[in-house]
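Subject: Structure handover

Hello,

Here is the structure I promised you. Please open it first, then read my notes below.

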Amino acid sequence: MPRAIELEQLWKFYGDYAALRDLTLHIAEGSCCALLGRNGAGKTTLLRILAGLSPYQRGVVRVFGLSPRSEKARRQVGFLGHGIGVYEDLSAGENLNFFARIAGLPAPRAVAAAWLERVGLARVASMPVRQFSRGMRQRLALARTFLHSPNILLLDEPFTALDDRAIAMLSELLTEARARGATLVLSTHQIREALAIASHVALIENGRLRYTGERTAEMLDDPALLYRLHTELGAA
Amino acid sequence: MRSLAQAFSVAKKDLAIELRTKESLNAAGAFAVVILLLFSFAFDPDANATRELGGGLLWLVFAFAGALVFNRSFARELPNECLDTLLSSAISGASLLLGKALANLALLIAVELVSIVVFGIFYNVRWWLRPFELAAVCVLATWGIAIVGAVFGALTVNLRLRELMLPVIIYPLLIPLLIAAIEITNALFSNQPLSAYELLWGRVLAVFDIVFTVLAMALAETILVN
């Protein structure tokens, strides 16, 4: 399988602190890689580097063979970080219309309307986001992330704080994305949910890659297995 | 073309948010009007004094009001991590900065329109005698202020003291632009034909705009990501 993402001997420092240490990881096109690790392991830093949001000091990062900051690479990426990434003072429709225009989609209004329908927000399309409930905001954020059918989805803790409806919607969107051949990279603490959809796992501890490989049936049966076998804390 | 369309989308989005919240417009507009009022009471200027000081007073007010606009420009991208979302999207850094500068320009021009009317009333200045030249100076000088404001608004957006840092950084840079705008505006308020001296300052304005626009576009990626 061709590689969608290549990381070679990647080092990232915050001041003197090495957040990522000599990390080498390859993610094949069409696969779903769950980034596992405890708080502060370096998962978010890695995702931010892949999204072109954070510079790194050493190593090589390639997204479809390109620098993650290149416009061509970013056009293929959908990123959902800790924030929902939408404007409180714009309506849901205006938000999606804006991001569709930025993505250069041919019929931004139609795309925005279709996605509002899809995530169940068509009724409140003209309502400012600041009046939305938490669940509605989350669904709008999902629509914003998937709007341009990205070939790579970078999702940072996507299941955290989602309501049931949003979890079902996210699972459906991820399944669809995989079916059309998109590559998924998601960091999570919800190991069970992540392993259920992942084809591969990468376990990070203190900025070092401890394990990478295919997700196995044993991992599904015993989600803590990876931590026990491959991390220092788990071994202790 | 695509980059320009993206820049206009950013500007349109910023102006839509501003028209709803009126955060920058209220702050900058009120500040400009209050300063003009206070100066009119403090100095009780006669016609000669107004001709000599009017341009300086106006452009300093515009520059100070601009800082209030620029502080909000990138700060409105911080809630919900909208700036990260934009930077990870297909928009180029140059388009983003250009869009921000266009929105800054529109907001500052709105503040200037109100200020000039107030200035005319309280200082008894017939600013409408040379409307096209005045409009040209306003647009040229305001674009320079707007592009510098957009660049340094981006650079200082994550600083805790950005409200203080932004003016401290941009005003020294704006000195040549402000001198040029003041000289030409004073001549226009005197209703004299522009001499070679004022035209030279006009060229300074144009060069300032070109240099800072090109620099901003060239360094946009570095400014925004680092």
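Two strands pair if DSSP finds at least two bridges between them. Strands (E, at least two residues) and helices (H or I, at least four) are DSSP runs, numbered from the N terminus. With that in hand, look at β8(A): the bridge partner of A:Leu36 there is A:Leu203.

Some ground rules. This is a predicted model, where local features need pLDDT of at least 70 and side-chain atom pairs count only at pLDDT 80 or more, while totals for chains, interfaces and linings use all residues. Residues are numbered from 1 along each chain as its sequence is written, and chains are lettered from A and ligands numbered from 1 in the order in which they are written.

**The sheet in chain A**

Chain A has an open sheet of six strands. The order is β5-β6-β7-β3-β8-β9, with mixed pairing. β5 (77-80) and β9 (208-214) stand at the edges with a single partner strand each, so one side of each has no neighbour in the sheet. From one strand to the next, the twist averages 15 degrees. Angles here run from 0 to 180 degrees between N-to-C directions, and axes are lines fitted to C-alpha atoms, for helices over the stretch in contact.

Now follow β8(A), residues 200-205. It pairs with β3(A), residues 32-36, in the parallel sense over four bridges. A:Ala34 has A:Val201 as its bridge partner in β8(A). Helix α1(A), residues 43-50, packs on the sheet. This helix touches β3, β6 (152-156), β7 (183-187) and β8 of chain A. Its direction makes about 145 degrees with that of β7(A). Touching means contact: C-beta atoms, placed from the backbone, lie within 7 Å.

β8(A) also runs antiparallel to β9(A), joined by six bridges. A:Ala202 stands opposite A:Thr212 in β9(A). The two strands form a hairpin with two residues between them. In the turn, A:Asn206 has a positive phi of about 50 degrees.

Is β8(A) largely enclosed or open? Five of its six residues are buried, so β8(A) is largely enclosed by the rest of the structure. Buried means that 20 or more other C-beta atoms lie within 10 Å of a residue's own; exposed means 12 or fewer, and partly exposed is in between.

**Chain B**

Chain B has eight helices and zero strands. Its radius of gyration is 18 Å, close to the 17 Å that the globule rule gives for 226 residues, so chain B is as compact as a globular protein of that length. That radius is taken over C-alpha atoms, and the rule is 2.2 Å times the number of residues to the power 0.38. The C-alpha trace spans about 55 × 35 × 30 Å along its principal axes. Buried residues make up 49% of chain B.

Helices α7(B), residues 162-189, and α8(B), residues 196-225, pack at about 145 degrees, with axes 9 Å apart. The residues in this contact include B:Leu177 and B:Ile184 of α7(B), and B:Trp201 and B:Phe208 of α8(B).

**Where the chains meet**

How many residues of chain B are in contact with chain A? There are 23, and they meet 27 residues of chain A. α1 (2-21), α4 (82-87) and α8 of chain B each give two or more residues to this side. α1(B) gives the most, with eight residues.

Best wishes

Key:
Two residues are in contact if their C-beta atoms, placed from the backbone, lie within 7 Å.
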